[in-house]
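Biologist: Before I use any of the labels on this model, I would like to know what stands behind them. Please take them one at a time.

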Amino acid sequence: MSIISQNIKFLRKKKGLTQQQFADELGIKRSLVGAYEEDRADPKYELLKTLATYFDVTIDDFINETINEKWQPKPKGNPANLRILSISVDKDENENIEMVPVKASAGYLNGYADPEYVAQLPKFYLPMFKQGTFRAFEIKGDSMLPLVSGTIIIGEYVENWGDVKSGETYVVISKNDGVVYKRIGNKFKENKKLKLVSDNPVYEPYEISGEDVLELWKAKGYISTQLPEPTPEPTMETLSAMMAQMQRSISNLQQGNN
C-alpha cells in the first residue's frame, strides 16, 4: 500500500467512520474510498487538499509521512519542515523557470503544489540560473520603487526558512496576502511574525503570521521593459558640491602627511 492509501485508511478509522460514512462526509462515492484505501487509485490534488483539511494535517505530511499512533506532526511554521515543490523541465532535463503573471497570482495560491497547474504556467530557461530552482513573478504596484509595476522578479526557492536573511528581498507567498515582493525585516522564527518592508517609504512596514507563509523565493534578478533614465546634466550646485568635496579630500590628505 502507498503512504496515501495507508493514511486515508488509518485516519478514517481513527475517526470511527465506515467507508460509506466517510464518503458521505466528503461527498464522494464509497467505491472511490475503497479504491483509494486499496491503492487502486490516487486522489486528485483538490481532493488531497480536502482530505488534509478534514484530517487537520498538512498536505506534505499527508503524502510523505506514515501517519499512525506513534506519529507526531511537526509544529506549524517550523522553518525546517520539508515542503512540496512542483517543477517542470525541458527536453534536456533542465529545470524551467515558470512564470507567474499578475493575473495568475490568485490561482497560484491554490495550485502552487499541483504539478499539473505548474506545468501549465508560461516557462523559459536562462543559462545563468543553473544552480537551484527558480520561478518568475510579475509584481504589481509601486511599493518597491524604483522597480515599477510589471517588473518580473526571478526568485530562487528557499527550502529552509531559517536561511532567510533580514534586509534582503523575497517574493513571499502567503494565504492572506497572496504573492508580494518585499524586503524582509527580521529572521524567520517558528510561531513568530514576519516583518515585510517596502522600498517605497510611502508604504508602512507590516507583519504576517509565519503560519500563513506558503513559499519564499529569494530575489536573484529582475526583468523590466522600463530602461534606466540617463544621468542628468550636472548643475552649478552639483559642480560646486563636487569641488567642495574634492577640496576637503585634498585637505585631509595634506593633514595626514604632516
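Modeller: Start with burial: buried means under 20% relative accessible area, exposed means over 50%, and partly exposed is in between, with a 1.4 Å probe and protein chains only. This is a predicted model, in which local features need pLDDT of at least 70, side-chain atom pairs count only at pLDDT 80 or more, and totals for chains, interfaces and linings use all residues. Residues are numbered from 1 along each chain as its sequence is written, and side-chain values use heavy atoms, with hydrogens and water left out.

Biologist: Why is Ser105 called buried?

Modeller: Its relative accessible area is 16%. The limit is under 20%, so Ser105 counts as buried. Ser105 belongs to helix H6 (residues 105-111); helices are DSSP runs of H or I with at least four residues, strands are E runs of at least two, and both are numbered from the N terminus. Leaving out residues up to four places away in sequence, Ser105 touches Val100 and Val179, where contact means heavy atoms within 4.5 Å.

Biologist: How do you know that Leu196 is buried?

Modeller: Leu196 has a relative accessible area of 0%, so it is buried. Leu196 is part of strand E7 (residues 193-197). Its contacts, not counting residues up to four places away in sequence, include Val172, Val180, Ile184 and Tyr206.

Biologist: What makes H2 and H4 roughly perpendicular?

Modeller: The axes of H2 (residues 19-26) and H4 (residues 45-55) cross at roughly 110 degrees and come within 11 Å. Axes are lines fitted to C-alpha atoms, for helices over the stretch in contact, with angles from 0 to 180 degrees between N-to-C directions. Under 35 degrees is roughly parallel, over 145 roughly antiparallel, 65 to 115 roughly perpendicular, and the rest oblique. The pair is therefore roughly perpendicular. Phe22, Glu25 and Leu26 of H2 meet Thr50, Leu51, Tyr54 and Phe55 of H4.

Biologist: What is the length of H1 set against?

Modeller: The expected span is 1.5 Å times one less than the number of residues. H1 (residues 3-14) has 12 residues and reaches 16 Å from first C-alpha to last, close to the 16 Å expected. Its buried residues include Ile4, Ile8, Phe10 and Leu11, and what covers the buried residues of H1 includes H2, H3 (30-37), H4 and H5 (59-64). After H1 comes Gly16, with a positive phi near 75 degrees.
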